[in-house]
Amino acid sequence: MESGDYLCGTPTWCPGCGNFSIRIALSQALAELNLLPKDVLLVADVGCGGNENNWFKTYVFHSLHGRSLPLALGARIANPKLTVIAQAGDGGAYGEGLNHLLHACRINVPVVYLVHNNQLYSLTAGQASPTTDVSSKTVSTPAGVSEMPVNPIALAISAGASFVARGFSGDIVHLKELLKKAILHRGFALVDVLQPCITLNKVNTFDWYKQRIYKLDKPERDRISALKFAFDADKLPIGVLLEETRAVPVFDLSKEADVSVLMKEFS
Ligand code: SF4
């Protein structure tokens, strides 16, 4: 397969938006894994990133704000042959839909959660989101944000996710490789992508990220070590922060063995 086999139309994002490279990285990851478009479902949230569904030739579903994840989990449970990728922005994923993320980490259905994290509600003119930095001035916080930002990586690790990664939309090759690993992971996988909104976020620009980002060599295998990277106050590690290799129950009805694990869990 070629990456173009998954794409259609012409995105209407602002020229230079970080969403362009996420779209390319995702299409390349699907192509390199040789997944047929008919076997892939993308579930989108409301937001600039969610509009990506209009420009993919896989199956797509546009959900309500903050609700792409439960729909994706349901689809994957009902049809285990599908490769299911839920997408959301930082507002939907870490605001309206944060409860879904915490429980998805626990339930461990094999779904990739790809979050376009630009630290703003960009589609609605740039209001502060749960990941906006303290003191940032936005249209909804003219005096500066007073709350501490959500740390999605640390939350997912703490909630029991077995695969937690952070990518950067300024590095397509690295992001593509992360997405391939997430798709192949046997269980729920969070991929938080630092995605500059060049129109509304004049602080967290491509250059701002490039000065802070560094690449991890390998995933941590235990949560405490991964949390140290998640809480790095000065720099932003990208890569797979945590990949658990021990046997973790997976909610996957395509595997008989896992059904018996589930039955034991719920009996
Ligand atoms: Fe991208 Fe920001 Fe424009 Fe939305 S407003 S398309 S996130 S640059």
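How many salt bridges does the count come to? The count comes to 9, where a salt bridge is a side-chain nitrogen of Lys or Arg within 4 Å of a carboxyl oxygen of Asp or Glu.

Before selecting anything, note that this is a predicted model: local features need pLDDT of at least 70, side-chain atom pairs count only at pLDDT 80 or more, and totals for chains, interfaces and linings use all residues. Residues are numbered from 1 along each chain as its sequence is written, and side-chain values use heavy atoms, with hydrogens and water left out.

**Stop 1: Asp 252 and Arg 76**

Select Asp 252 and Arg 76. Their side chains form a salt bridge, 3.2 Å from N to O. The partners come from distant parts of the chain, 176 residues apart. Arg 76 sits in helix α2 (residues 68-78), and Asp 252 in the loop between β10 and α9 (256-266). Helices (H or I, at least four residues) and strands (E, at least two) are DSSP runs, numbered from the N terminus. Both Asp 252 and Arg 76 are buried. Buried means under 20% relative accessible area, exposed over 50%, and partly exposed in between (1.4 Å probe, protein chains only).

**Stop 2: Arg 223 and Glu 244**

Next, select Arg 223 and Glu 244. This salt bridge spans 3.1 Å, N to O. It also links distant parts of the chain: Arg 223 is in helix α8, Glu 244 in the loop between β10 and α9, 21 residues apart. Glu 244 counts as buried because its relative accessible area is 12%.

**Stop 3**

Now select Glu 32, Lys 176, Glu 177 and Lys 180. Salt bridges with shared partners join these residues into one network. Within it, the side chains of Glu 177 and Lys 176 meet at 3.4 Å, N to O. Is Lys 176 buried or exposed? Lys 176 is buried, at 9% relative accessible area. Glu 177 is partly exposed, at 30%.

**Stop 4: the largest pocket**

Finish at the largest pocket, which holds about 600 Å³ of space. Select Asp 133, Pro 149, Asn 151, Arg 166 and Leu 236: of the 25 lining residues, these are the closest to its centre. On a 1 Å grid over the protein atoms alone, a pocket is an open set of points where a 1.4 Å probe fits, with protein on both sides within 12 Å along at least five of seven lines; lining residues have an atom within 4 Å of a point. Colour α5 (152-158), β8 (189-194), α7 (206-212), α8 (223-230) and β10 (236-243); these elements give two or more residues to the lining. α7 gives the most, with 3 residues.

Note on methods: Points joined across faces, edges and corners; volume = space filled by probe spheres on them.
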